[in-house]
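Dear colleague,

I am passing on the structure we spoke about, with the sequence and the coordinates placed just below. My notes on it follow, and I would be glad if you read them with the structure open.

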Amino acid sequence: MCGFICIINENELSNKLKKLSNNNLLSDHRGPDSKKIYSKKNFFGLFRRLAIIDLSKKSNQPFESDDGSHIIFFNGEIYNYLQIKEILKKKKIKFKTKGDAEVLLKAYLFFGKDFIKQIRGMFSFCIWDNKKEKLLAYRDRFGQKPLYYYKTYKGLVVSSEIKDIKNLIDLKENPNAVFKYLYRNILDLNEETFYKKLKRLRPSHNLIYQKNKIFLKKYYSINFSENKKLNTNEFLENFNENINLHLQSDVKLAFLLSGGLDSSSNVASSL
């Protein structure tokens, strides 16, 4: 679990965040292994890392492209990063780290906007284009990783946590969202949060911010009309492949067993 906050065209908020960080007034629970600030032109970002893949300092984030034109803030894990890395290596692309953040950034730079179709994982990330002063943000297909954004008069704030934005901006309660949650236990059906103007990027969506405008687009939908039957062997092959991809880690792994069929099957497949 890593965490980040990015601020665009808001120097006052950037200075406030930097002061809070320097005085250790921000919670570091999302990333105890490293904390790094990035600042350039109208962009400011802070990243906190929990190291899982490639424990070296080379994979500390935010991570810049080789020419410094792009930088990525990435929370999550790309399960098939080794397969994508091999594809990129065959295209003569070189790597400095053994981590998945570098693979994610270089996949975007090589494949363009269609790179997301090749990504398997749980993620929320932002890529800042220094030349175009453009932000590209993505949230994974089923919303496993959080991503929130707040549009100010002059710019934008994007973060992994509401509390980081709340430390910078005096947020007002959103009674409509509170009522829906208390009355029907509904919260995740739209962009609304418990605070006015503070929105969540919905699962399977990406956000583009440029010239003080926001564009939202859905990049993935489940096709429920497809009727495909799997035999036992096909199911086991797909299941085992998926479990093996999830087990990629440079730290020790543990399983939490509930005694049910799902957790027991996960452990059985990994043995």
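**Strand pairing and the sheet**

Leu-207 has Leu-216, in strand E12, as its bridge partner. Please keep in mind throughout that this is a predicted model. The two strands concerned, E11 (residues 205–210) and E12 (residues 213–218), run antiparallel and are joined by six bridges. They form a hairpin with two residues between the strands, and in this hairpin Lys-211 takes a positive phi near 55 degrees.

**Helix H7**

In helix H7 (residues 261–270), the residues Ser-263, Val-267 and Ser-269 are buried. They lie on the same side of H7, because the arc they cover around the axis is only 165 degrees. Helix H6 (232–246) is included in what covers the buried residues of H7.

**The loop at Asn-60**

Asn-60 sits in the loop between strand E3 (43–49) and strand E4 (63–64). Apart from neighbours within four places in sequence, the contacts of Asn-60 are with Ser-34 and Arg-49, and the side chains of Asn-60 and Ser-34 are joined by a polar contact of 3.5 Å. The C-alpha atoms of Asn-60 and Thr-97 are separated by 9.7 Å, with the two residues 37 apart along the chain.

**Cysteines**

With a disulfide taken as a pair of cysteine sulfur atoms within 2.5 Å, the count comes to zero. Cys-2 is in no disulfide, and the nearest cysteine sulfur to it, that of Cys-6, is 13 Å away. For Cys-6, likewise in no disulfide, the nearest cysteine sulfur is that of Cys-126, at 4.5 Å. Cys-2 counts as buried, because its relative accessibility is 7%, and Cys-6 is buried with a relative accessible area of 1%.

Terms used:
Residues are numbered from 1 along each chain as its sequence is written. This is a predicted model: local features need pLDDT of at least 70, side-chain atom pairs count only at pLDDT 80 or more; totals for chains, interfaces and linings use all residues. Side-chain values use heavy atoms; hydrogens and water are left out. Helices (H or I, at least four residues) and strands (E, at least two) are DSSP runs, numbered from the N terminus. Contact means heavy atoms within 4.5 Å. A polar contact is a pair of N or O atoms within 3.5 Å; within protein, one must be able to donate a hydrogen and the other to accept it, and residues adjacent in sequence count only if both atoms are side-chain atoms. Two strands pair if DSSP finds at least two bridges between them. Buried means under 20% relative accessible area, exposed over 50%, partly exposed in between (1.4 Å probe, protein chains only). The arc is that of the directions from the helix axis to the C-beta atoms.
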